[in-house]
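Me: I would like to go through the labels used for this structure and see what each one rests on. Please set each value against its cut-off.

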Amino acid sequence: MTEREKMHAGQIYQPGDETIMAEQRACLDRLYEYNHTRPTEIALRFAMLKEMFAEIGENSYLEGQLHANWGGKHCHFGKNVYANYNLTLVDDTHIYVGDYTMIGPNVVIATGAHPILPTLREKGYQFNLPVRIGKNCWIGASSVVLPGVTIGDNSVIGAGSVVTKDIPANVVAVGNPCRVLRPIDDRDREYYAKGRPMDPSLLVD
């Protein structure tokens, strides 16, 4: 098995392999060009993301600056995904983000990790585990999603959380480590935030 194949198999590999590095550098050059587009160049920015990402759906928009180990090459974003400023994607293997998901500023989504054993880290070894974020999620500002995590559809991750384990669908989860706080339920139809009543007209399809 090549080092490139180990990257996506969850196995320990050498990220400094020259074949890997050559491909990665090309992706990073393209990312540099993306980050130097103007905010008004919306069509150009989206066209570049279509080229850079493995997949990105219509009406998705990522604010600058975007940071990504592979320039989004291993990222699969659905439609209507919005990411605020300074999204960091450690996309050494695949990251999946579902339709209508919103990502706050300064969020980190990481697939890359290093062995605990010091002698292996000393040699620069790494392994990668994919991250899956469901549809219609909200990842709060400055949250960190760690390798191998799955977040279920519709769930909200509170700002500043560190998501170390899977989070089920339809819940609010917060903290470090991130834990389920409560389900999303009928009270969220009555109040949108801290006792502020919902306008019923917003709930009409």
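Me: What makes the link between the side chains of Asp185 and Arg187 a polar contact?
Reply: This is a predicted model, and in it the two side chains are joined at 2.9 Å. A polar contact needs a pair of N or O atoms within 3.5 Å, so the 2.9 Å between Asp185 and Arg187 qualifies.

Me: Where is Asp185, and why is Asp185 called partly exposed?
Reply: Asp185 sits in the loop between strand S19 (179-183) and H5. Its relative accessibility is 27%. Buried means under 20% and exposed means over 50%, so at 27% Asp185 falls in between and counts as partly exposed.

Me: Why are Glu58 and Lys50 said to form a salt bridge?
Reply: Their closest N and O atoms are 3.9 Å apart. The limit for a salt bridge is 4 Å, so the pair of Glu58 and Lys50 is counted. Glu58 is partly exposed at 47% relative accessibility, and Lys50 is partly exposed at 45%. Salt bridges with shared partners also join Arg4, Glu23 and Lys73 into one network.

Me: How far is Glu58 from Asp185?
Reply: The C-alpha atoms of Asp185 and Glu58 are separated by 30 Å, and the two residues are 127 residues apart along the chain.

Me: How do you know that Arg30 and Glu51 form a salt bridge, and what does the pair link?
Reply: The N to O distance between their side chains is 2.9 Å. With the cut-off at 4 Å, the pair of Arg30 and Glu51 therefore counts as a salt bridge. The pair links distant parts of the chain, with Arg30 in helix H2 (residues 18-35) and Glu51 in helix H3 (residues 42-52), 21 residues apart. Arg30 is partly exposed, at a relative accessible area of 26%.

Me: What places Glu3 and Lys6 about one turn of the helix apart?
Reply: Both residues lie in helix H1 (residues 3-7), with a spacing of 3 residues. The search of the whole structure finds 9 salt bridges.

Me: Why does Asp91 have no salt bridge?
Reply: Side chains of opposite charge can pair when their charged atoms come close. The nearest side chain of opposite charge to Asp91 is Lys73, at 9.2 Å. A salt bridge requires 4 Å or less, so Asp91 has none, although Asp91 is buried. A polar atom of the Asp91 side chain does lie 2.9 Å from the backbone nitrogen of Gly72. Asp91 itself is in the loop between strand S6 (88-90) and strand S7 (95-97).

Me: Which residues are closest to the centre of the largest pocket, and how much space does the pocket hold?
Reply: The largest pocket holds about 670 Å³ of space. Of its 18 lining residues, Trp138, Val156, Ile184, Asp188 and Tyr192 are the closest to the centre. The lining divides into 11 nonpolar, 3 polar and 4 charged residues. Strand S20 (191-193) gives the most to the lining, with 3 residues.

Terms used: Residues are numbered from 1 along each chain as its sequence is written. This is a predicted model: local features need pLDDT of at least 70, side-chain atom pairs count only at pLDDT 80 or more; totals for chains, interfaces and linings use all residues. Side-chain values use heavy atoms; hydrogens and water are left out. On a 1 Å grid over the protein atoms alone, a cavity is a set of points where a 1.4 Å probe fits but cannot get out, and a pocket is an open set with protein on both sides within 12 Å along at least five of seven lines; lining residues have an atom within 4 Å of a point. Grid points are joined across faces, edges and corners, and a volume is the space filled by probe spheres set on the points. Helices (H or I, at least four residues) and strands (E, at least two) are DSSP runs, numbered from the N terminus. Ala, Val, Leu, Ile, Met, Phe, Trp, Tyr, Cys and Pro count as nonpolar, Asp, Glu, Lys and Arg as charged, and the others, Gly among them, as polar. Buried means under 20% relative accessible area, exposed over 50%, partly exposed in between (1.4 Å probe, protein chains only). Lys and Arg count as positive and Asp and Glu as negative; His and the chain ends are not counted. A polar contact is a pair of N or O atoms within 3.5 Å; within protein, one must be able to donate a hydrogen and the other to accept it, and residues adjacent in sequence count only if both atoms are side-chain atoms.
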